[in-house]
Amino acid sequence: MSVDHNEKYIFEAEWYDKIATVLKKFYLYYYPYDNTVELFDIKARKTFLRRTKCEGIQAKDFYVGATVTIFSRNISITDYADCVTRTKLQTKMQKTFAMLKPNVIDKVGELLKRIISCNFHIANIKMIKLTKEEASDLCKDEDSTNITYIVNYLTSGPIVALELLGDNAITRWIEVIGPEDSEEARSKAPSSLRACYGKDKIHNAIHGSENEEAAEKELQFFFPSPKSGKKGPPNTATLENCTCCIIKPHAVQAKLVGDIIDDIQKAGYLISAVQQFHVNPFDAEEFLEVYKGVLPDYAAMVGELQSGPCIVMEIKHQDKKFDVQEEFRKLCGPMDPDIARQVRPDTLRAKYGKNKVQNAIHCSDLPEDGMLEVEYFFKILDSS
């Protein structure tokens, strides 16, 4: 079968140029054959970036609603620019909504590993505490006799909302989670997620959108598009007795999120807030400013933090007397993964880091920084 070297997907995209304080609109061309991109400035009617290879991006990163980082510019994809791209990608890169319910919050890492192994791309993630009204609205189509029980279950603790992306995602996700009643799932689909993690029809651990219309509605509620002007439900950060952990963009891209979170939870830590962020160059510099003039890799660290989506967590421990910041830092290991592999091979950076800059994890260095760093993301950036 011959390969079309010039096959391309065309999107409408935009980038806010902070220096010129102008929103630039582009046609973004992506060529799957050799993983190259091209940007055409719509207003100026000229090529802004010639067709070129761009490190760290893949075909799966191109979909409506995504942010792709092209030479440290965070470019937002707003729409398909032609019918061919729309037709090809709408089922290939279909979105669905998934929810991890309160009884599996201590197994988030384990579940994310399962999700990633089933070829779903995690396009967004956020921990949320549902109100009674929100929970009632989510299950208004359920059997009315069970609604009170379901609402009580969904509001009994935090949930994790996920935007999943993949080939025929809606149907496949429903297959992966199995029948609604966990008892039935155990007999009919024993390897499904509800069979493994659910208890019964109400406490069934996982939710998935049943069709395209439901997926769109649920995703808009939990992850509203910036254009809508709406804010999704608030995050669950407590800003007390906590430390900050960031899974860096290179590790997110390498599909290591599930492994890292699983290791953190199995080490006895509680994840009390989790959210995906796209950090712009200005915020990356501000957040890492403490290292400016101290570490020679400061500029590269800033470059890494803004190079794609990162996952930020508030980390706590059940034991209030536990020095969560100091002990969690030990779990992360030395900043240089090569040193970590020699002296502390079980640490997160030893297992998942590549080099001093791409060392998988950022964690708070000083006790007083833990809460401040959590606050920076979950209070300042999340509200901006």
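Two strands count as paired if DSSP finds at least two bridges between them, strands being DSSP runs of E with at least two residues, and helices runs of H or I with at least four, both numbered from the N terminus. The model is predicted, so that local features need pLDDT of at least 70 and side-chain atom pairs count only at pLDDT 80 or more, while totals for chains, interfaces and linings use all residues. Residues are numbered from 1 along each chain as its sequence is written, and side-chain values use heavy atoms, with hydrogens and water left out.

| S4 | 46–53 |

S3 and S4 run antiparallel and are joined by 5 bridges, with Val 37 opposite Thr 52 in S4.

Thr 36 belongs to strand S3 (residues 36–41). Its relative accessible area is 5%, which makes Thr 36 buried (under 20%; exposed is over 50% and partly exposed in between, with a 1.4 Å probe and protein chains only). Not counting residues up to four places away in sequence, Thr 36 touches residues including Tyr 30, Arg 51 and Thr 52, where contact means heavy atoms within 4.5 Å.

A nonpolar core is a set of buried Ala, Val, Leu, Ile, Met, Phe, Trp, Tyr and Cys residues joined through side-chain atoms within 4.5 Å. In the largest, of 48 residues, Leu 162, Trp 173, Ile 247 and Ile 264 touch the most other members, and helix H2 (residues 108–117) gives the most to this core, with 5 residues.
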